[in-house]
Amino acid sequence: MSKQEKKEATLLQNNTYLPEEKQYNTLNLGPTHPATHGIFQNVLKMDGEKIYSGEPTIGYIHRAFEKLAEHRPYYQITPITDRLNYCSSPINNMGWHITMERLLNIETPKKVDYMRVIIMELARIADHLICNSVLAVDTGALTGFLYIFQQREKIYEIYEEICGARLTTNIGRIGGFERDFNDITYKKIERFLQEFPEVLGEFERLVSRNRIFMDRTINVGAITAERALSYGFTGPNLRACGVDYDVRVFSSYSSYEDFDFIIPIGTNGDTYDRYCVRSTEMWESLKMIKYAMDNMPTGSHHADVPAFYLPPKLDVYNSMEALIWHFKIVMGEVDVPKGEIYSPVEGGNGELGFYLISDGGRLPYRLHFRRPCFIYYQAYPEMIQGQLLSDAIVTMSSLNVIAGELDA
Amino acid sequence: MSLTNEIVLKALIDQFGEHIKDPTEPYTMLTITIPASQNVPILSWLRDHRDFQFVFLTDLCGVHYPANGGLELAVIYHLHSFIHNYRMRIKAFVSSLNPEIPTITEIYASANWMERETYDFFGIRFKGHPQLKRILNMDDMNYFPMLKQYPLEDQLREDKEDKFFGR
C-alpha cells in the first residue's frame with residue numbers, strides 16, 4: 001500500500017473522506033416517463049436521491065398554433081383552442097368567443113352567459129378532478145382516482161349532449177351557442193349536481209386528511225407569493241400562495257358578477273395547499289352551476305349578429321337572407337374592425353389570455369395565446385431544488401402542467 | 001383609488017419625457033411605445049413605483065410588421081397592477097436587421113421563457129438573457145418561423161399540390 005493509498009484508507013475509515021470535486025449523477029426524467037403525465041423531459045443533476053438542479057426541455061408536441069391561427073378565419077380558430085388545455089377545452093373555446101365578442105362589441109344575452117358559466121364551471125371541475133386525483137395516484141392512492149373518473153365521464157356526457165364531442169369540444173359560436181340546451185342536458189346536469197357532492201366528499205374523506213398524503217405533500221414544492229408573482233403564476237397555483245387573484249372577479253366576463261362565490265386561498269404555496277385550493281374551488285363551481293340552473297334566464301341562445309353567427313342550416317336552404325349571411329361568413333366577406341385586444345379568462349390552471357391584433361381582414365394579423373402553464377412551468381427547477389426525486393413527481397402533478405398548453 | 005389611463009400616462013411622461021410615444025387606448029387599455037433601449041428603466045420604474053406597483057408581467061410576445069420600414073419587429077409587454085386591478089401595454093420596436101433589445105429577466109423572472117419563445121419565433125435577441133436558445137422548436141432550425149415571409153407549409157413539397165383546393 002502506497003503512502004497516498006494509506007492516507008485515503010484512513011480518511012475513509014474516519015469517514016472524513018471527501019472527493020476533491022463533488023460528483024453528481026445525471027438523470028433523464030422523461031420525455032415519456034409514466035409518472036410525468038405527458039411529454040415532459042427534465043434533465044436532473046442528482047446528488048444521491050436529492051435534486052441538485054434540473055433543466056426542463058419542452059416543445060415535444062409543439063404544433064405552431066400561433067402560425068396556424070394567422071391562416072384561419074376567425075370562426076375556424078375555435079378548434080385550435082380546444083387543443084391548448086385539453087382537460088378543460090370548453091373554457092378555451094369560451095375564452096376565444098369572448099375575445100371575438102369584445103373585439104366586435106357584441107353584447108350577448110344573459111342566457112348565453114349563464115349557459116357558458118355552466119359549461120365553464122363543469123370544465124373547471126373536470127380539470128381539477130384530474131389534477132387532484134392524479135396527485136393522489138402519485139402518492140400511492142389509486143382507488144380515489146378510479147372512483148372519481150366516473151364523474152369526469154358524466155361531465156363528458158354532458159358535453160356530448162351539448163355539442164356532440166367529448167374531449168376537443170368546439171362548444172359554442174361567436175355570439176352564443178349553435179343550439180339551446182335540450183331537456184336531456186338539463187336532466188344530466190341536475191343528476192350530476194345531485195350525485196357529485198357525495199362522490200367528491202368521499203374522495204376528500206379518503207385523501208384530504210390522510211396521514212400518508214399529508215406527509216408526502218405538506219412543505220413539498222413550496223414557493224413564496226413573491227416568487228410566484230415574479231414567475232407569473234396564476235390560477236390555483238398562485239392562490240395557494242395566498243394571493244387572491246382570480247380573473248373571474250378581477251376582469252369579470254360572462255356575467256360572473258351575478259354569482260356569489262369565494263376565492264379559496266392557501267398560505268404556504270406547497271403541494272398540499274394547491275390540492276386544497278382546487279378541492280374548494282370544485283365546491284364553489286358546484287354552487288355556481290346550481291345558481292345558474294335555478295336562475296336560468298329566458299331568451300335567445302345567441303346574440304343577434306347575423307354577420308358573425310352562422311344561421312341554422314334549415315334557414316340557409318329556405319331563406320334568402322340566411323343564405324347570403326352563410327355565404328358571407330364562410331367566404332370571409334364580413335369586415336372586422338381594426339384593433340388590438342387582450343382578453344383573459346380564468347382557465348383551468350390560470351389566466352388564459354388571447355392577445356389578438358386585427359388588421360381588418362378575415363384572418364387575425366397576430367394571435368398570441370397567454371398560456372398559464374408555459375409561464376409558470378419555468379419555476380419548476382427552482383421549486384424542486386434540494387428536494388427528493390419522488391417529491392419532484394408530486395410537485396409536477398400538483399402544478400397541473402398540461403402538455404398541450406405548454407407547447408401550444 | 002383606482003388608476004386611470006391619464007394618471008399613469010402623465011406620471012410616465014413626467015418621468016421619462018420624450019421616451020413615451022404614441023399613447024393610444026385600444027379597447028380602453030393604455031398602450032404606449034418606448035424605445036427599445038429604454039425598456040429596462042421604464043419597466044423597473046413601473047414595477048417599483050410606490051403607488052402603481054405593476055408587479056405582474058402578464059404577457060410578452062413579438063409581432064412582425066414587414067412594412068414598418070426600419071422598425072419591423074415589435075416586443076409587446078402586458079403589465080398588470082393587482083392592487084389597482086389595472087392593465088397596460090407597452091410596445092418596443094426594433095429593426096429586423098439587428099433585432100436586439102435588453103432582457104427584462106432581472107425585473108420579472110417570468111420573462112425568461114417568454115423571451116426565449118419570442119427569440120425562437122421572431123429571432124429577437126434579448127441582450128443579457130441568461131440562456132437565450134430555442135425553446136419550442138428544434139435547436140438546429142435555421143429560420144424564425146413566425147416571421148411573415150414564411151408561408152404556413154413547406155412550399156417545396158409536391159405531394160400537397162392541388163390546384164382546386166390549394167393551400
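Buried area is the accessible area, found with a 1.4 Å probe, that two parts lose on being put together, summed over both. The structure examined here is a predicted model, in which local features need pLDDT of at least 70 and side-chain atom pairs count only at pLDDT 80 or more, while totals for chains, interfaces and linings use all residues. Residues are numbered from 1 along each chain as its sequence is written, chains are lettered from A in the order in which they are written, and side-chain values use heavy atoms, leaving out hydrogens and water.

Of the area that chain A buries against chain B, 18% is supplied by Lys67(A), Glu340(A) and Tyr365(A), more than by any other three residues. Counted by contact (heavy atoms within 4.5 Å), 45 residues of chain A touch 46 residues of chain B.

Side chains of opposite charge can pair when their charged atoms come close. In a salt bridge, a side-chain nitrogen of Lys or Arg lies within 4 Å of a carboxyl oxygen of Asp or Glu. Six salt bridges are counted between chain A and chain B; Glu340(A) and Lys91(B) form a salt bridge through their side chains, at 2.7 Å from N to O. On the side of chain A that touches chain B, strand β4 (residues 339–347) of chain A gives the most, with four residues. Helices (H or I, at least four residues) and strands (E, at least two) are DSSP runs, numbered from the N terminus. By class, this side of chain A has 22 nonpolar, 10 polar and 13 charged residues; Ala, Val, Leu, Ile, Met, Phe, Trp, Tyr, Cys and Pro count as nonpolar, Asp, Glu, Lys and Arg as charged, and the others, Gly among them, as polar.

Over all chains, the count comes to 30 salt bridges. Another pair is Arg371(A) with Glu66(A), whose side chains meet at 3.8 Å, N to O. Arg371(A) lies in the loop between β6 (366–370) and α15 (372–376) of chain A and Glu66(A) in helix α2 (residues 65–69) of chain A, so this pair ties together parts that are 305 residues apart in sequence.

Finally, we turn to chain B. Its secondary structure comprises three helices and seven strands, following the pattern α-β-β-α-β-β-β-β-α-β along the sequence. The C-alpha atoms of chain B fill a box of roughly 60 × 35 × 30 Å, taken along the principal axes.
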